[in-house]
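Colleague: I would like to learn how to read a model such as this one, feature by feature. Please give the general idea each time, then the case.

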Number of protein chains: 2
Amino acid sequence: MTYELYYWDGIQGRGEFVRLALEEAGADYIDVTRQPQGTGAMLDIMKSKSEPHLPFAPPFLKDGDLIIPHVANILLYLGPKLGLAPADESLRYVVNGLQLTITDFVAEAHDTHHPIDMSLYYEDQKPEAKARSAAFIRQRIPKFLGYFERVLKRNPKGPDHIVGNALTYVDLSLFQVIEGLTYAFPKAMAKRKAEYPALLALHDRIARRPNIARYLASPRRLAFNEEGIFRHYPELDSTE
Amino acid sequence: MTYELYYWDGIQGRGEFVRLALEEAGADYIDVTRQPQGTGAMLDIMKSKSEPHLPFAPPFLKDGDLIIPHVANILLYLGPKLGLAPADESLRYVVNGLQLTITDFVAEAHDTHHPIDMSLYYEDQKPEAKARSAAFIRQRIPKFLGYFERVLKRNPKGPDHIVGNALTYVDLSLFQVIEGLTYAFPKAMAKRKAEYPALLALHDRIARRPNIARYLASPRRLAFNEEGIFRHYPELDSTE
């Protein structure tokens, strides 16, 4: 069965966390909105008057008739099927917990450019975005990255993976978090990144995995841009 | 085995979504920080230098040696054990998806009083909180509640529950969302609530369930206050 991923066309955004898992596993999937009439097909589902399992927002995955919304939920579902979740069932809750911490971090990264009203443009909330970004750089990036660094370093199976002794989807998502932050806040990250050696090493190992390297070099990997979650507005970046 | 719930003492907050499930099921649990030295015990886990499955933040649940962080993850874990999840495995992803939409909504409700910097007081970000609350009332409350109303109404098994033909933890969480919004934004909710009859009826049915009614009348149910997620600041409420 071909998985169908539905997400806004033209951005990495939240969909990218799912794409990385599908690409690493070499799964058979369609990125629906990059097909002709794909965005229309996505909106048809979102506006359906009859679909009982209506998603609130993209991304969502369709596997046959089942519609699964939310990144962490999609990865929870796909993880075991793609060989990207621990065999030990109880560790799946550990993995899901880490993914939900990433979810929160990503939402906060989004709010750096949209702290007041997500229906308005960034340009309509620039002073507030500057204040929120300053707090994000000063407190939240160190808090989240420091946390993941600690968890990685104390993995009883070693710091090659964040849980257990094999790759999980959380490792892939951490790669994307580092990618996104480095794009959005290059100065802040340049200043800080030496504090997270285990996390940076994980990022670099993921980038070198054959399926990931092939994906990153392909046209399927869109460039970051100022429509997505991680946006580079130089005026929001700082070394404090 | 007695479940141990760890959450900040003195507030309903995010912990309340877990408490409602435990209380409805009559589960054997300890609300750890309400015991003597409980907060110290929570902080010991959070500051542990050796715990591999370190939580990023409360709430977290301890079941034996397993530590499970994040409300939606805790409920995913407890749901089947407490009889509050669908028997059909694929519906568990539907339930988890709905719970994650509630998670996002709750985070946005929090940010109405902390739009810029969660390490500062509300009083340090009042004008921004007013602007964010206005957008929340005008756009986000109708978007989220309208969504849940639609999903409830089109449940193929009828609108008594949001998924399937039996109570799930999402029904309990929706009760709490309505409770919290009505506390925080009474004017906005008074004006709008007639638009969500199925959701309001669900709320009222949950309140009448014997175990929930008993819990709500007990000292275990703390009052809402201005330390929690849902806060009533009259200046942030409006009928638009």
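Modeller: Start with the elements: helices (H or I, at least four residues) and strands (E, at least two) are DSSP runs, numbered from the N terminus. Gln176(A), for instance, has its place in helix α6 of chain A, residues 169-184. This is a predicted model, in which local features need pLDDT of at least 70 and side-chain atom pairs count only at pLDDT 80 or more, while totals for chains, interfaces and linings use all residues. Residues are numbered from 1 along each chain as its sequence is written, chains are lettered from A and ligands numbered from 1 in the order in which they are written, and side-chain values use heavy atoms, with hydrogens and water left out.

Colleague: How many helices and strands are there in chain A, and in what order do the elements run from the N terminus on?

Modeller: Chain A has nine helices and four strands. Read from the N terminus, the order is β-α-β-α-β-β-α-α-α-α-α-α-α. The radius of gyration is 18 Å, close to the 18 Å that the globule rule gives for 240 residues, so chain A is as compact as a globular protein of that length. That radius is taken over C-alpha atoms, and the rule is 2.2 Å times the number of residues to the power 0.38. Along the principal axes, the C-alpha atoms of chain A fill a box of roughly 50 × 50 × 30 Å.

Colleague: What percentage of the residues in chain A is buried?

Modeller: Buried means under 20% relative accessible area, exposed over 50%, and partly exposed in between (1.4 Å probe, protein chains only). By that rule, 59% of the 240 residues in chain A are buried. For contacts, the criterion is heavy atoms within 4.5 Å. Among the contacts in chain A with a separation of 6 or more, 71% are between residues 24 or more positions apart.

Colleague: Now back to Gln176(A): is it buried or exposed, and which residues does it touch?

Modeller: Gln176(A) is buried, with a relative accessible area of 1%. Not counting residues up to four places away in sequence, Gln176(A) touches Gln12(A), Glu16(A), Phe17(A), Leu20(A), Arg221(A), Phe224(A) and Phe230(A). Compare Tyr215(A), in helix α9 of chain A, residues 210-216. Tyr215(A) is buried at a relative accessible area of 0%. With residues up to four places away again left out, the residues that Tyr215(A) touches include Glu16(A), Leu20(A) and Arg221(A).

Colleague: How does one read the faces of a helix, and which residues of α2 in chain B are buried?

Modeller: An α-helix has 3.6 residues a turn, so residues three or four places apart point the same way. In helix α2 of chain B (residues 38-46), the buried residues are Gly38(B), Met42(B) and Ile45(B). Seen down the axis of α2(B), they fall within an arc of 60 degrees, so they line one face of the helix. The arc is that of the directions from the helix axis to the C-beta atoms. The buried residues of α2(B) pack against β1 (3-6), β3 (60-63) and β4 (66-69) of chain B.

Colleague: What does Val18(B) contact, leaving aside its neighbours within four places in sequence?

Modeller: Val18(B) is in helix α1 of chain B, residues 15-24, and counts as buried at 0% relative accessibility. With those neighbours set aside, Val18(B) is in contact with Leu5(B), Val71(B), Ile74(B), Leu75(B) and Leu78(B).

Colleague: Where is His70(A), and is it buried or exposed?

Modeller: His70(A) lies in the loop between β4 (66-69) and α3 (71-82) of chain A. His70(A) is buried, at a relative accessible area of 15%, and has a positive phi of about 80 degrees although it is not a glycine. Gln37(B), also not a glycine, has a positive phi of about 65 degrees, but Gln37(B) is exposed, with a relative accessible area of 70%.
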